[in-house]
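Here are some notes for a colleague who is meeting this structure for the first time.

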Amino acid sequence: MSGKGTKVLGEERREMILNWLKESTSPLTGSQLAKDTNVSRQVIVQDISLLKARNEPIMATAQGYIYFHPSPQKQKVTRVIASVHSAEQTEDELITIVDYGVTVKDVTIEHPVYGDLTGSIMIKNRHDVEMFLEKVKETKASYLLELTDGIHLHTLEADSTRQLDQACSALEEKGYLLSQN
């Protein structure tokens, strides 16, 4: 670490602290950070609060501050499916999908005047299905599929191709996938 002797000011100090935390393999104490930047420990506490407010994953432990390096997110797989069903079957379609751990990112229809219309719905579980249906009912909104005789697309997202395959097989068994005949 550097900065000995002269007081390191504001944003420059916070950037130094952030870099030191990211590079360190062990906790850094507030006292050590204060000494290295020639400021009080209270100033360091304020700096850490400001960094946390910027969503920097800094944790205070009994041994000092550590930067939490989140593990890289596993790559998700996506698939666009073509569905057809009635408005009354929407709940069953969505539950069928989410029960395989698959997220329904959106719904798209091809409108004769406006072209592709897409609604981002991000439904991940049964609770999300319930909240979505409740919102539709509460607002007296129409389902997009009502504009296209039930035909619509969904972008699905999952952790594995296997989950997508299972969800699609279940949808096919229920007759919800648009056949290519």
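1. A residue is called buried when its relative accessible area is under 20%, exposed when it is over 50%, and partly exposed in between. Asp 92, with a relative accessibility of 31%, is therefore partly exposed. Please keep in mind throughout that this is a predicted model.

2. Because Asp 92 lies in helix α4 (residues 90-98) and Lys 174 in the segment after α6, the pair ties together parts that are 82 residues apart in sequence. Lys 174, at 40% relative accessibility, counts as partly exposed.

3. A further salt bridge joins the side chains of Lys 76 and Asp 159, at 2.7 Å from N to O. Lys 76 belongs to the loop between β2 (64-67) and β3 (77-84), while Asp 159 belongs to the loop between β6 and α6 (161-173), so this contact links parts separated by 83 residues in sequence. Lys 76 is partly exposed, with a relative accessible area of 37%, and Asp 159 is likewise partly exposed, at 36% relative accessibility.

4. Arg 126 and Asp 99 form a salt bridge in which the closest N and O atoms are 2.7 Å apart. Since Arg 126 lies in helix α5 and Asp 99 in the loop between α4 and β4, the pair ties together parts that are 27 residues apart in sequence. Both partners are partly exposed, Arg 126 with a relative accessible area of 48% and Asp 99 with one of 44%. Elsewhere, salt bridges that share partners connect Glu 11, Arg 13, Arg 14, Glu 15, Asp 47 and Arg 54 into one network. The count of salt bridges in the model comes to 10.

5. Which residues gather in a patch of negative charge on the surface? They are Glu 91, Glu 130, Glu 134 and Glu 138, and helix α5 (residues 126-139) gives the most to this patch, with 3 residues. Glu 130, which is found in helix α5, counts as partly exposed because its relative accessibility is 48%.

6. Thr 139 is also found in helix α5, and its relative accessibility of 44% makes it partly exposed. The side chain of Thr 139 reaches the backbone oxygen of Val 136 at 3.4 Å. Although Thr 139 and Gln 163 are 24 residues apart along the chain, their C-alpha atoms are separated by 32 Å.

7. Lys 140, in the loop between α5 and β6 (151-158), has a positive phi of about 55° although it is not a glycine, and at 73% relative accessibility it counts as exposed. Met 122, placed in strand β5 (residues 115-123), has a phi near 45°, again a positive value in a residue other than glycine, and Met 122 is partly exposed, with a relative accessible area of 35%.

8. The side chain of His 111 reaches the backbone nitrogen of Val 113 at 3.0 Å.

Conventions: Residues are numbered from 1 along each chain as its sequence is written. This is a predicted model: local features need pLDDT of at least 70, side-chain atom pairs count only at pLDDT 80 or more; totals for chains, interfaces and linings use all residues. Side-chain values use heavy atoms; hydrogens and water are left out. Patches are made of residues with over 30% relative accessible area and no salt bridge: like charges are joined within 9 Å, nonpolar side chains (Val, Leu, Ile, Met, Phe, Trp, Tyr) within 5 Å. Accessible areas come from the Shrake-Rupley method with a 1.4 Å probe; for residues, only the protein chains shown count as cover. A salt bridge is a side-chain nitrogen of Lys or Arg within 4 Å of a carboxyl oxygen of Asp or Glu. Lys and Arg count as positive and Asp and Glu as negative; His and the chain ends are not counted. The place of a charge is taken as NZ of Lys, CZ of Arg, CG of Asp or CD of Glu. Helices (H or I, at least four residues) and strands (E, at least two) are DSSP runs, numbered from the N terminus. Buried means under 20% relative accessible area, exposed over 50%, partly exposed in between (1.4 Å probe, protein chains only). A polar contact is a pair of N or O atoms within 3.5 Å; within protein, one must be able to donate a hydrogen and the other to accept it, and residues adjacent in sequence count only if both atoms are side-chain atoms.
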